[in-house]
2 protein chains.
Amino acid sequence: MTSSPKATPRPGGRSARVQAAVHRATNELLALHGRAELTVPLIAARAGVTPSTIYRRWGDLAELLADVAVERLRPEGVPADTGSVAGDLQAWMEQYLDEMSSEVGLAMMMDVLAAQGRAAAPAGQAPPACRCVEFTTAQVEAIVARGRARGEAVPEVELVMDTVVAPIVYRALFGPAFLTPERVTALLAACFKGARKAKAATPG
Amino acid sequence: MTSSPKATPRPGGRSARVQAAVHRATNELLALHGRAELTVPLIAARAGVTPSTIYRRWGDLAELLADVAVERLRPEGVPADTGSVAGDLQAWMEQYLDEMSSEVGLAMMMDVLAAQGRAAAPAGQAPPACRCVEFTTAQVEAIVARGRARGEAVPEVELVMDTVVAPIVYRALFGPAFLTPERVTALLAACFKGARKAKAATPG
């Protein structure tokens, strides 16, 4: 499970240092040799840990790859501030589109899904939330909160997720063509229809 | 590749009979034992063909499972006619949502993606169109064409794919919760904004 707490230790401790070393080794080996050549003993050797450390913490190679993929999907900071919520969303989505349409982005999504699928909930129940969705939602929320603080009319976060983020990912996974930046603009514009202006920039 | 022509023989021939037997055997064994127990020799024995027949035609088990999944995603007929394009889309999407939110639906998507991922286009190029997307698009097109023939205002097919089908699949794969039928209604309603009425029911 990519949402398993065992894979997200508190930063700073020995556990976090082990995780950082294993992630770094995995990323380096992925860049050097590609995924097909990767094995747990190879990663362990490069990270300076025993294979059993990896098996104990991650379960197997697929879980480790999923964890590394999710970490690579973790945003590096607050979204760029272009001065307006529309500009911020457009800039952020274009970058997201670029990442998800790249070979690396697609491979990361597949790694995440491979582990996600195995953690699937029983029939009829909602799937466990993927950390990558939480990251994306948090970025959109940050942009919308900033717009609201400026007193701008802002779209619903859920609407942006369903009608802009979802088609970027769906098309990247299933085709027939990547979403274009122009299409992102049009889909974002539709999210602003009916958007309400915040009354005042109240903190909290 | 799930879009490979080798997996879609003309119906009626020996090739089609072999495919039907192998698909039937795969579906029966999936129902009896689940995916983890499945092997090519087991399927071959039940289908009355040699394992090499399966390897020659499908490559490996993952490709065969993807092909079987795509066939199960193939719609069984024309979409139900409720009398209006809005009603037809709502009914069709609710059924699609049900299927994609089921354990079987999720497993099918993962099988399709596993093969799709391996057939990924070079960096920066669009992914190959998945046959499952073609099926879905064709069903939406059929509903929209029927509405146009009735002289109704109809939404753009691409908009329905991007803002209704995509979030159904995205949420089923990544969470955090399945789309609800009420949400489908709202997203469909948004597709009708700006929809233009067909001038006349002209054939072609």
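**Exercise 1. Describe the contact between chain A and chain B in this predicted model, from its residues to its area.**

Residues are numbered from 1 along each chain as its sequence is written, and chains are lettered from A in the order in which they are written. Local features need pLDDT of at least 70 and side-chain atom pairs count only at pLDDT 80 or more, whereas totals for chains, interfaces and linings use all residues, and side-chain values use heavy atoms, with hydrogens and water left out.

**Exercise 2. How many salt bridges does the rule find across the interface of chain A and chain B?**

Solution. The rule, a side-chain nitrogen of Lys or Arg within 4 Å of a carboxyl oxygen of Asp or Glu, finds six across this interface. One of the salt bridges joins Arg171(A) to Asp162(B), with the closest N and O atoms 3.0 Å apart.

**Exercise 3. Which residues have the most contacts inside the largest nonpolar core?**

Solution. A nonpolar core is a set of buried (under 20% relative accessible area, 1.4 Å probe, protein chains only) Ala, Val, Leu, Ile, Met, Phe, Trp, Tyr and Cys residues joined through side-chain atoms within 4.5 Å. The largest one has 84 residues, and those with the most contacts inside it are Met93(A), Leu173(A), Phe174(A), Met93(B) and Phe174(B). Not counting residues up to four places away in sequence, Met93(A) touches residues including Val140(A), Val164(A), Ile168(A) and Leu188(A).

Definitions and conventions: Contact = heavy atoms within 4.5 Å. Buried < 20%, exposed > 50% of the residue type's maximum accessible area, 1.4 Å probe, protein only.
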